[in-house]
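This briefing is for a reader who is meeting the structure for the first time.

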Amino acid sequence: QVWIPDSVEVWRVAEITRGYKEGDAILHLRLEDGSALAYPIEFQLPPLCNPDCLSGADDLVALSYLHEPAVLHSLRRRFLEANAIYTYCGIILVAINPYKPLPIYEEEVIYAYSGHEMGDMDPHIFALAEEAYKQMVRFGKNQSLIISGESGAGKTMSAKYAMRYFTTVGGCLGDSSMEEKVLASSPIMEAFGNAKTTRNDNSSRFGKYIEIGFSQAHVTGATIKTYLLEKSRVTFQAKAERNYHIFYQLCASATLPELQGLGLCGAESFHYTCQGQCATAQSTNDAADLESTRHAFSLLGVPEADQLELFRVLAAILHLGNVVVRGRDRRGDGCFVEVGLFCTLLGVEASQVMRWLCHRKLVTAGETYLKPLSRQQALDARDALAKHMYGQVFRWMVSRVNRALRSCLRQISAAHRFEMFEFNSFEQFCINYANEKLQQLFNLHVFKLEQEEYVTEEIPWVFVDFFDNQPCIELIEGRLGILDLLNEECKMPQGSDGSWAQKLYQTHLGSSYFQKPKRPTDAFVVCHFAGKAGKAVVVEYQCDGFVEKNRDTVPEELVGLLRASKFALLTELFLEEGDGPISLQSRRSSGPRMVGRPSRRSLPGSQKSKKSISSQFKASLNRLMEMLGSTTPHYIRCIKPNDGKKPFVFDSRRAVEQLRACGVLETIRISASGYPSRLTYQEFLERYRALVSREELRSAHEKQICSLALERLLQDPSKYQCGKSKVFFRAGQVAYLEELRYRRLRAACVLLQRHLQG
């Protein structure tokens, strides 16, 4: 049987009906429906099917024929026939989202996996978590779980289950509530960092790196680091998408007595929450979720008074979106605003806010003067302020969570995502840049493990075909790369997205990883890494907004007004890095005053150089790579089986797209290029005892018995290698041994039947 391409199922099975000789142009096949097919052989023969006994194996590397159709078939069969959502692929755990709750995460399941070796039980995220925990305890080395996949593939839930495993098995040293605190961080992070997208009702709109600390094998705390919050979502949502959950939670709870003074009402009444025309999400109960968020804050030691001040700032952001901006004349010169509740809620002077929303201060060599803004420029300033405020809220929230979870660290968990939408902008580009770096780390690790296995077993090292995505990374981060040219454009007073796009075309059109779209538009295409196992992931990025988002500018005068607010939390939100922390309690009792060091931003005439967003992201990404490089990584690849979020429905086309892009097929290709099938000598004898002769069994050692048997059965010594404890087979040899075993056992059965029946 062979696999042939199919437009619906990607690959389908066909049976060869006539003998094939090298040089034949046609392969005669019979399809599963019984119809005949003359299959033209253009470049290579179709891939062979694995024996039934290997199909559906819980570790894909155990397949004798390692290729894309075999991987896809095994995953589909396990998912649909056995409802098995987890499958190993060497060092990767493939996790397919079932889109329904499964009873496989209870505490008794955790303890069932605790203490067991990987492979003793069915594939599971708990098995991978146990392996990481065990290695940390035994060898005292930091471990990492790297969780990746498309939006909606289940990364957030996978991270939650891993955290639950560590806190349950590790217990908590000296603080019985630490386990509760670590788990309580999830609803807070989701409320402020997750949103409904067209693909996922609970999509994380930021990169996340969680460290769980251990001492004497017990959990002592955790730290969360975040990367690149999608701030543009605060002021704009595409159709059928929502802003961050916390805004809808507050709107749904507007009738609560403690929220009465915030001027809240239904989400459809605010510009910042109604643009997606999706004020509610099917799978969420916003009012109940606010209760969970507040309970989690309380568990982490955030007083209710601080929570209410935080909600005041969030309500002010919603009211800022409703600020009315009107032009003064038909030419568009000048404008005026009505600030409404925004200033009242934040305790800032309305006239000053109106002034700095409608004017920009320009400093020349000899004088300073105010330039009136057009209505559109004022709206842009308003939105820039809203995004900056929410970014500061998010940063403060993460710091408060970390303050409650602080510890010395041993265990590490990381999550990242790969994104490709119809409209891809700055955020998706940075996310996919991070994915390139993580993919390179993954390739090097797979290469290293494969090499170590050969060296340990004293097998000649034959692996030479190693694909590296460094050229694509150089295109992005190298000298005169995409980010370098973007930063240069941001320094130009008249820098624009269009000008940057032209510089990209002039510099990079000769690169095989870079393309210019055919239609006339300011956009560019990057051929992201997919390795030799599959086609490159071609992503088109629209240049619109790159320069503005990379600059991340916000009127300094408006920030200064907020920093001078009488509300303590607002002052703390806008402390610059390096400012000392302040006591909210002391601020409440003593009234307004200067806190911390004087800000250089507020001093007239002073200029503080600010790094661009891409420069900050690149630096933090390099630090992340260094941290992950010092750990032993464990990989979880989450797969989204269908776009309709239907339980246990498997769309082969969608699945194979993800397998090609996330390294699973590259792992298979790396394994297949050497000796992918491996059995210990004991396993070989248990399975293939029927093929071993009496003379061979007289040998004293298992290795010698296997060596003699294989010399006779396979004949070609290049098809296998005998290591210290295992025998290594080239691709297809285990399938051949299975065929020999089947024939031997069938002959024995016929012999018995012949004698019994006379």
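A residue is called buried when its relative accessible area is under 20%, exposed when it is over 50%, and partly exposed in between, as found with a 1.4 Å probe on protein chains only. The model is predicted, and for that reason local features need pLDDT of at least 70 and side-chain atom pairs count only at pLDDT 80 or more, while totals for chains, interfaces and linings use all residues. Residues are numbered from 1 along each chain as its sequence is written, and side-chain values use heavy atoms, with hydrogens and water left out. Helices (H or I, at least four residues) and strands (E, at least two) are DSSP runs, numbered from the N terminus.

**Aromatic rings**

- The structure holds 27 aromatic pairs, where rings of Phe, Tyr and Trp (its six-membered ring) pair if their centres lie within 6.5 Å, and where planes under 30 degrees apart count as stacked, over 60 as edge-to-face and the rest as tilted.
- The pair of Phe 524 and Phe 546 is edge-to-face, because the ring centres are 5.9 Å apart and the planes stand at 65°.
- Phe 524 belongs to strand β18 (residues 523–528) and Phe 546 to helix α18 (residues 546–551), so this pair ties together parts that are 22 residues apart in sequence; both Phe 524 and Phe 546 are buried.
- A cluster linked by ring pairs takes in Tyr 105, Phe 126, Tyr 133, Tyr 161, Tyr 165, Phe 166 and Phe 214.

**Charges over rings**

- A charge sits over a ring if NZ of Lys or CZ of Arg is within 6 Å of the ring centre and within 35 degrees of the ring normal; Arg 242 lies in this way over the face of Tyr 248, at 4.0 Å from the ring centre.
- Arg 637 lies over the face of Phe 442, at 4.7 Å from the ring centre.

**Salt bridges**

- The whole structure contains 36 salt bridges, each being a side-chain nitrogen of Lys or Arg within 4 Å of a carboxyl oxygen of Asp or Glu.
- Lys 160 and Glu 190 form one of them at 2.9 Å, N to O, and this pair links helix α4 (residues 155–170), which holds Lys 160, with helix α5 (residues 178–193), which holds Glu 190, 30 residues apart.
- Lys 160 counts as partly exposed at 25% relative accessibility, whereas Glu 190 is buried at 13%.
- Glu 453 and Lys 726 meet at 2.8 Å, N to O; Glu 453 lies in helix α14 (residues 426–456) and Lys 726 in strand β23 (residues 726–729), so the bridge ties together parts that are 273 residues apart in sequence.
- Salt bridges that share partners join Glu 150, Arg 199, Lys 640, Asp 643, Arg 654 and Glu 657 into one network.

**Cysteines**

- A search of the whole structure finds 0 disulfides, a disulfide being a pair of cysteine sulfur atoms within 2.5 Å.
- For Cys 251, the nearest cysteine sulfur is that of Cys 265, 6.6 Å away.
- Cys 251 is buried at 8% relative accessibility, and Cys 638 is buried at 3%.

**A sheet of strands**

- Strands β17, β18 and β19 form, in that order, an open sheet with antiparallel pairing, where two strands pair if DSSP finds at least two bridges between them.
- β17 (514–515) and β19 (537–542) are at the edges with a single partner strand each, so one side of each is left without a neighbour in the sheet.
- Between β17 and β18 there are 2 bridges, and Gln 515 stands opposite Val 525 in β18.
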